[in-house]
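Subject: Handing over the structure

Hi,

Here is the structure I promised to pass on.

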Amino acid sequence: MQPPAYFSSFNMTILVICRMINLSLTRGAASTSAQGLVLLGYVIGPAFGRYEDGYHIARLASDLASERNGPVDKARVNHLTGLAAAWTEPLPVVLDWLRAAFRGGVQAGDLYYACFEAAVIVLHVFLSGQKLEDVDHECKRALDFARDTGFQAGMDLVIATERAVASLRGRTRGLSEYSDETFDAGAFEANLARSQNSVVMWWYWTRKTMVHFLAGEYEAALAAADKVQSHFSIRNMQIEQMDCFYYAGLSLAALIDEAPVAERGAMHAKLASRHAQLRAWAEETGSPTFADKHLLVAAEIARVDGQDLKAQRLYEESIRLAKENGFLHNEAVSNEMASRFYARQNFERISLMYLREARLCYLRWGAHAKVTQMEAAYPQLREEQPVALSTGTTFAPVEQLELATVIKVVQTVSGEIVLDKLVDALMRMAIEHAGAGRAVLVLSQVAGTHIEAEAEMTGHGVVVRLRENLNSTSAALPDAIVQHVLGTKETVILENALLTSPFSTDPYILDRHVRSLLALPLINQGKLIGLLYLENNLAANVFTPSQIAILKLIASHAAVALENTRLYRDLAEREARIRRLVDANIIGVFMWRFDGLIFEANDSFLDMLGFDRDDLAAGRVYWTDLSPPEGWENDARMVAEVKATGIAPPWEKEFFHKDGRRVPVLLGAATFGDPESDGGVTFILDLTARKQAEEAARASDRRYRDLQSELAHASRVATVGQLSAAISHELRQPLVGVVTSASAGLNWLSAGPPNIPAVRRALERAMSEGHRAAEVLDRTRALVTKMPPRNDLVDVNAIVSDTVALVREQLVLNEVSLELRLDKTLSRVLADRVQLQQVILNLMLNAIDAMAGVNSRPRELKIVSGRESPHVVYVAVQDTGPGVPSGLEEKLFDAFYSTKPDGMGMGLAISKTIIESHGGSLGTTRNEPQGAIFSFSLPIDAPEPPS
């Protein structure tokens, strides 16, 4: 009775919940007693102001459900525990409960409930102030899940948040306009009014209240707020209602000054009522979620009442709390309201400062449409730096320097090519010319950044510690400033770092009491080499314009010198590696002239062909004499390529041994740097053992193919075993549809008179669902049955779609979003359907496994099909996982090689063999910016596989 009561009457809701609790107390615990208990915890806060008690009761219910209940009950209890926690706990804690509830719903097969939970997660991610780009990814995953399930109300709940995000990011026709090419806001709102779905109406109109306010449309914001409450007897007991009070209150405050005098009293009373609720939530819950919001509305009331000093204090406190608690969007709103307050007082510079901070917060949040609106209203904002810094931050001017200073800097910094000596000289010069107490050199490399050196001014002079002598204390730096300089390549100077600025709350600055601070990027030809960080903890305004100009000169020359030193070091390391390779005799190496003379070689080469050092010294060894006549034509082509390009790709040939026998070898050649040089170097590998192994393999080819067939079948069976849960789930849905449709048909037959058309429709639906269940079993049987390869003309896109159905639950459980981009014009290919499905299935499961440990970015799986050429089609499986380690691109396809701890190393090897037996190819490339792409291509007219 509880769900319909919730959408009908608040009093009835409370009565049903209390009845559930009393029954459990007097008659004992039933399987759903935990749900009754968690419902009490859910309502006791918003209904009776006992928020802490509500969360404690909800957690008790969660413990009870974990001990006694099935997955459906546990999922619903976790959901309501999360909603109860939202009043007293930080929102990241709430999201942990909600995500656990979603996973439980999916695992229990309760997909309609899981759809609703996905929408609740989206809403709370939005409320927590996370970047809109991240909220967008959450919306996409939730919408895809709801569409696949066919739950329209679940889709509408997600749309209520997704449209707000789209308008704020600038994807719709206006900041407060939800419509675009794919969405008709008018039609959606009309359907919403007809359906009277209370929860969707609460969410949708609350978000509309917000975007109307941000657009400056205050009357429209109040009109939207009036639509939030669908009926007087129904009460919203979810945390999103705070935004309705918040933005409606701010809209009232913005309109009061311009309203007719006769209306101001009533408006002020409404404003006070909105604020009273926000203040009650803040005081009764003790949650950081409400603190900044109640203070900002209080600041607006103080402004309206003419209490300017009180308003100033409240604006500042609201900004501080929003920032501390991670509500980036509320921090932006508070700064914008403070800017308007000071503009009314004609304090234009102070107003502009707050306006810049508001714009910066909106920009970081991702509200590009709001930023565009602000820049149109305040053109001076467009003249700011791409990321403007607060008061106390300046940029160094360019100054003319004395010739002696310039010469000293150039000679000192540019005269060293040994890295340690260069770094030592650089650090001493920086301390000397800057008057800094501490200097740190940070260098940037492909693998990331590291601290190369630290210098400090002590009673005994400047002490420099290089990388190998640094400890954890030496490595301490203000991370926000370092990341800002590395990300923007801008110089940052804080005249007094402890004053208000974007960096003043950095833990390092507060702990070390940093006063003067300077961070210079080191740039050479547009490439960031690193940064030079300097600080003084004794005084403010230490870094004068002349000192800054000298330091910039030092930084520019240091960047060039550091890069040159790195190149010298890399060259020396490469030469050492080459020398180690030659001396190690792992492979043969010889040096030659174009006339054929071999003038130097390592022992491995000499042993391979039976020569000695005396032969080399006498000038008797020519590679032209070692080559059999049938290879001369190909050798001439390779010589021409080496002369033209400086290198020749590896190729196979034969050399004569000193005793006359032939030695099969693999060669790779390159000139000494200049393509026009008179000689070069060749690396040579003896292929005798490999050729013998190939001959042995060909002799047992039939046995090999039989073994490979057995392994392929074993892999298919193992894969199907992993998918048994998905198959079970897939069968459950059509079978439930069959039962439901048959039941409906019986009901229509029992009607007086019988409704024959309705019976027919019910039976047709039952047949359709039965066929769907049969298709699931057929697909599974084809994978498990040891059927011989059978080539037919098959639709690659259809195979992809069938395979996607098998992994749908794996996608949901691993929170992976799926995108299909299939070319509908593809021709059919001649192939074995089951084998192709096995390849696609293996690539998809590998991609899902690869993304399992990814938490810092969205998990996205994309499957693309298309034409590689008029006669070749391809399928690509793209993921956003960690990618394939460099150098392993080919090794991944070797039999028994696996990057998984529990992997057999057969999946990719078998897949490659299947594709090649169809005349195609399978490989991998990097997916930019992160992840891997595994793709295979097939000719439209594939050959028959070998028998």
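First, a term: a cavity here is a set of points, on a 1 Å grid over the protein atoms alone, where a 1.4 Å probe fits but cannot get out, and its lining residues have an atom within 4 Å of a point. This is a predicted model, where local features need pLDDT of at least 70 and side-chain atom pairs count only at pLDDT 80 or more, while totals for chains, interfaces and linings use all residues. Residues are numbered from 1 along each chain as its sequence is written, and side-chain values use heavy atoms, with hydrogens and water left out.

**The cavities**

Searching the whole structure turns up 2 cavities of 30 Å³ or more.

(Helices, H or I with at least four residues, and strands, E with at least two, are DSSP runs numbered from the N terminus.) H28 gives the largest share, 4 residues. By class, the lining of the largest cavity has 11 nonpolar, 1 polar and 2 charged residues. For the classes, Ala, Val, Leu, Ile, Met, Phe, Trp, Tyr, Cys and Pro count as nonpolar, Asp, Glu, Lys and Arg as charged, and the others, Gly among them, as polar.

The second largest cavity has a volume of about 30 Å³. It is lined by His137, Lys140, Arg141, Ser817, Pro858, Arg859 and Glu860, which divide into 1 nonpolar, 2 polar and 4 charged. Here H8 provides the largest share, 3 residues.

Axes are lines fitted to C-alpha atoms, for helices over the stretch in contact, and angles run from 0 to 180 degrees between N-to-C directions.

H9 has another partner in H7 (residues 111-127), with the axes 8 Å apart at an angle of about 25 degrees. That pair is therefore roughly parallel. In H7, Phe116, Ala119, Val122, Leu123 and Phe126 meet Gly154, Leu157, Val158, Thr161, Val165 and Leu168 in H9. This contact has 9 nonpolar, 2 polar and no charged residues.

**H13 and H14**

How do H13 and H14 run relative to each other, roughly parallel or roughly antiparallel? The axes of H13 (residues 241-256) and H14 (residues 261-285) come within 9 Å and cross at roughly 150 degrees, so the two are roughly antiparallel. Their contact includes Phe245, Leu252 and Ile256 of H13 and Met267, Leu271 and Trp281 of H14. By class it divides into 13 nonpolar, 4 polar and 3 charged residues.

Over to you!

Terms used. 1 Å grid on protein atoms, 1.4 Å probe; cavity = no way out; pocket = protein on both sides within 12 Å on 5 of 7 lines; lining within 4 Å. Points joined across faces, edges and corners; volume = space filled by probe spheres on them. Parallel < 35°, antiparallel > 145°, perpendicular 65-115°, else oblique. Contact = heavy atoms within 4.5 Å.
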